[in-house]
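Hi everyone, thanks for coming. Let me put the structure up, and then we can walk through it together.

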Amino acid sequence: MSELTAAELEQRTATAGDRLHRFHGGLRLRHNKKISCQDPVRHPVLPRELVVPLLQHGGPPATPRVRPGEQVLKGQLIGEAQGRGAHVHAPTSGVVRDVERRPMAHATGQAGDCVVIRCDGEDRWCDPAALDHWRDASPAALRAHIRQAGIVGLGGAVFPTDIKAGARGAVPIQTLVLNGAECEPYISCDEMLMREHPRRIISGALMLRHATGAGRVVIGIEDQMGAVKKSLDRAAREGGDGTVTVVRIPTIYPEGGERQLVQTLTGLEVPDGGYPHDLGLVVQNVATAAAVHQAVVDGRPMIERIVTVTGNGVGHPCNLLALLGTPVGHLVEAAGGYTDDVARLVVGGPMMGYPLRNDGEPVVKATNCLLALSHDDLRPAQAEMPCIRCGDCARVCPAQLMPQELNFQIRARQWDEVDSLGVDACIECGCCDFVCPSHIPLVSWFRYAKGEVRSQLRERAAAERARQRFEAREARLERARQEKAERLARRKKKLQDQAGRKKQIEAALQRAAAKDDTDGGSG
Amino acid sequence: MREFEPAQAPHMPSPRTVQGVMGQVLLALLPGIVAHAWYFGPGILLQILLASAFALAFEAAMLRLRSKPLAPFLLDGSAVVTAVLFALCIPPLAPWWIAAVAMGFAIIVAKHLFGGLGHNVFNPAMVGYVVVLISFPQAMTQWLAPRELAEWTPGLVASIQAIFSGSLSLPATVGIDAVTGATPLDALKTGIEQGRFVEEIRQAPIFGDFGGLGWEWIANWYLLGGLFLLWRRVIAWQVPVATLFSVLALTLPAWLLDPGANPQPLQHVFSGGLVLAAFFIATDPVSGCASPRGRLLFGLGVGLITLVIRRWGGYPDGIAFAVLLMNMAAPLIDRYTRPRIYGR
């Protein structure tokens, strides 16, 4: 990236979205969003039981604050944030049946502590803790309130929002970017939210702007989201203060990725290993803004989210407002159940989502979409073939990597080469997989390679430390040997000196004695 | 509770296939092949069939030896593409064993001994072509005259006879000189070596408006096919653009300075295999460069080396040597032309 002066950088981030830029590569995919946007968002019936994981965010898991048998109210704190984690609240009222390890909806399929709540069906609220007059509160106080509500980024990374809003780089925060570019096919939860509750988003945007200290807000939405622009614009006119701009950006997957969105709006690239705040930007999801609004105005902590339930594998694709902890299967039932030819259930979109092993896993803060795919959706046209280096993968790679070269080097286990080809910059968007005529599972290889490269680097660092320790010890021993030798030499010299002096004294005495003798003789 | 099979993202299978890529290349060659058959008789079609049969036979044998599955690799179309590209480079009535030797070298040595599909360092079609060009110069220079000039163009039966018996049976009234002839590039090279002016050489009937008679139209059809491949994004634009650019950019000043000793730029582009190579041969991704800037350099190199051989080398056309030499340079070029990674 060419070096910009501080003033140029500030100018670019302060005018984000005024002029659109292209990011490298990307794909125009079939949207498949309409099927789930036919009906308004609705509530599924309350499930009998909720399984609420204590780790639904980036950072360490929350510590349980309830015991089995305890009565909980809706919105009550049940897991307390540790360190850079987030709070977890009871999504409905009921009795805690257990706090136990359960498989969690997570890409790794790991188990984790979950609070199991038997719902009492009354949905009774605890005392809501709204923040009145938020404009008078300090940004730090507003962030503390956001933290109390357990709000995390709903775009997928689920990083605690208060921490992200308070992060500072070397430059002041100019612009808050709200990400409404829901670029993966099939997913429509953000689109539905923007259609149905634009005022919440605008209001939440102003709150986040206050919490981050940014001067203005840019909401990026896809140019295919028909009526969304109009409804957001109206809400911004009525409820905004003139600092909110809605920008339509070309629908090119993965423009909803944070780094690609930043590039689209400013032409700047987030530095390797850095964050948007290093440029003076904060990026938040539109749904996160709506959650902030609800936490501040209504005192509602984060206990529910809109989930798109869609795909050829379900009867009636739709968007549902689901309580966190609702078993995934319960939502599929609410969406008309599975069709006969369902083959795979994916959390997230078809490009980056991860498949579930069973539908008993709970909805968490990150669950934006349940995609049930049929056998026909998944049937490949051909088995895997060798790479023919057509280079289409490199053409579509938003990180400007050369996946074909990486593929060869990874298979040859040349980890240094893999590292220098930049495997770490891979955002795992899946564009390369999608265009590969040889059907090579490139992203899976890259995920594996990232782990290998990291462990290589760790091992090398450990070996380096061991080498330095060894060399330091050798040097110390050598120094000690030398010092000892010097000491000995000094002592020897001293002894020799002493012996010499003795001789001199003796000689002098002898001379004196001889003199005495001669004197005596003469006297 | 419902159980599902484990899997990996993405969950949308690629709509493209290797077979599809190769199929589009063959489709794009079709107009050029038809034109070739129109101007020089059906011999080219026989050569394509022969070369394809040999290529597939060698491919099958090598796959069997390497214990690889036959069906996916025989059907991927890569052997057929190699065979067709080779057949388009040789005289239409070359004897049958030319194709056998060339395809043997191309498929066995250039392709499978290097690891099969996707691993060949050199373009297999060009390896096969160069082997027979060097080994059997006599058979490889028996070019037919284009339809407009020849008193008689061999039909299907005569072509089959010629290819399999090695001798062309002519009608009683026609002499062999009326059927075969030097290619335009041959004529230019010998003419210039004899100290004649280009304009004078170009008076010969084998020359057309800007290239060789017949050849220029075949090249036009290859160009059309190449544009199709660009539109379908089967090939990268950098290679053909750079190849043609370097030929035009290097020949234009020479021609402007001394039009008597240097053919005009379009003459260079539309004779020999330049257009075919620019769009179909130098664009082979396996043996070429992978990075965009690398592909530009690759194309520039192909154009430059071709011109050097045409001007000073021992062969009238140098495209095959140019491609093979650049194949050697490709890994090194790629090393120094890697794109800058996002954020670095």
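When I say contact, I mean heavy atoms within 4.5 Å. This is a predicted model, where local features need pLDDT of at least 70, side-chain atom pairs count only at pLDDT 80 or more, and totals for chains, interfaces and linings use all residues. Residues are numbered from 1 along each chain as its sequence is written, chains are lettered from A in the order in which they are written, and side-chain values use heavy atoms, with hydrogens and water left out.

Let's start with the interface. Chain A brings 70 residues to the contact and chain B brings 41. About 4700 Å² is buried between the two chains, 56% of it from carbon and sulfur atoms; buried area is the accessible area (1.4 Å probe) lost when two parts are put together, summed over both. On the chain B side, Phe4(B), His11(B) and Tyr342(B) lose the most area to chain A, together 19% of what that side buries.

How many salt bridges are there between chain B and chain A? There are six, counting a side-chain nitrogen of Lys or Arg within 4 Å of a carboxyl oxygen of Asp or Glu. One pairs Arg340(B) with Glu269(A), with the closest N and O atoms 2.9 Å apart.
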